[in-house]
Amino acid sequence: MVLCNKGYITSVTYQVIFKEGSDCLPPKAKFTREEIIAAALEVAREKGIGAITAREVGRYLGTSSSPVFVAFNNMDELVECVHNAAVEEYSNYIADAVNFTPAFKQFGFRMIEYARQQPNLFMSVCIMSNPERDYETMLMNMPKADFCVKTIMQQTGYDEEKSKMIFKQVLLTGLGIAFMVSSKMCSFSDDDLNVYLGMAYQGTILAINNLQKEAYSVLPHKK
């Protein structure tokens with residue numbers, strides 16, 4: 001029930017009749033949107049983005065679930081904001097790779113390290129960046145993807161199409177390692193990462209230079 005100076009009304013009726021000039025006042029926000037997003041981000045960091053509920057966020061804030069629905073229209077809006085915050089955190093984490101050569105390889109190192117340190121947020125960055133579950137969409141939606149492609153173009157002299165092919169191959173290798181690391185399936189040394197990322201890069205260049213597409217796109221078939 002909601003109390004105003006005209007008596008008791010139900011919460012549903014309250015939402016319907018409230019308008020500017022009404023004698024009934026909306027609930028005062030106890031927490032800002034930024035504070036709620038920060039709390040929800042910590043829920044996602046600890047338990048995964050699927051664990052974000054109004055009750056769980058309220059628990060992190062030391063209150064009930066009510067502040068979430070005062071600040072946000074629904075949970076989907078909050079989850080989207082948390083995803084954006086996770087992408088921003090991830091982007092900031094890998095941003096210094098631009099100061100390395102080759103930069104795209106350092107991006108791979110930083111991506112894998114972030115997956116090791118923040119496995120749940122890393123999954124959020126990858127999965128929610130790809131609602132269609134299309135691998136090319138996910139790869140090209142990854143933060144700094146355009147920068148990596150341009151860097152490869154500059155270093156190799158290849159056109160955008162071939163540079164994207166190299167980027168996607170290296171990123172697929174990096175993502176495979178990152179998912180294994182984030183799930184604690186196994187670990188990799190820096191030397192291992194350097195070799196595997198380098199082989200993916202050089203191997204794709206060799207394939208582009210020396211082979212026709214038909215030579216490396218043949219499907220397995222019985223002898």
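Let's start with arginine 110 and aspartate 96, whose side chains form a salt bridge at 3.3 Å, N to O; the term covers a side-chain nitrogen of Lys or Arg within 4 Å of a carboxyl oxygen of Asp or Glu. Arginine 110 sits in helix 6 and aspartate 96 in the loop between helix 5 and helix 6, so the pair links distant parts of the chain, 14 residues apart. Helices here are DSSP runs (H or I, at least four residues), numbered from the N terminus.

This is a predicted model, where local features need pLDDT of at least 70 and side-chain atom pairs count only at pLDDT 80 or more, while totals for chains, interfaces and linings use all residues. Residues are numbered from 1 along each chain as its sequence is written, and side-chain values use heavy atoms, leaving out hydrogens and water.

## Other salt bridges

The count comes to 9 salt bridges. One of them joins glutamate 89 and arginine 45 at 2.9 Å, N to O. Glutamate 89 lies in helix 5 (residues 75-94) and arginine 45 in helix 2 (residues 33-47), so this pair ties together parts 44 residues apart in sequence.

Glutamate 56 also forms a salt bridge, with lysine 47, their closest N and O atoms being 2.6 Å apart. Glutamate 56 is buried at 14% relative accessibility, whereas lysine 47 is partly exposed at 41%. Buried means under 20% relative accessible area, exposed over 50%, and partly exposed in between (1.4 Å probe, protein chains only).

## Helix 6 meets helix 11

Phe104, Lys105, Gly108, Phe109 and Ile112 in helix 6 contact residues of helix 11, among them Leu193 and Tyr201. Contact means heavy atoms within 4.5 Å.

Definitions and conventions:
Helices (H or I, at least four residues) and strands (E, at least two) are DSSP runs, numbered from the N terminus.
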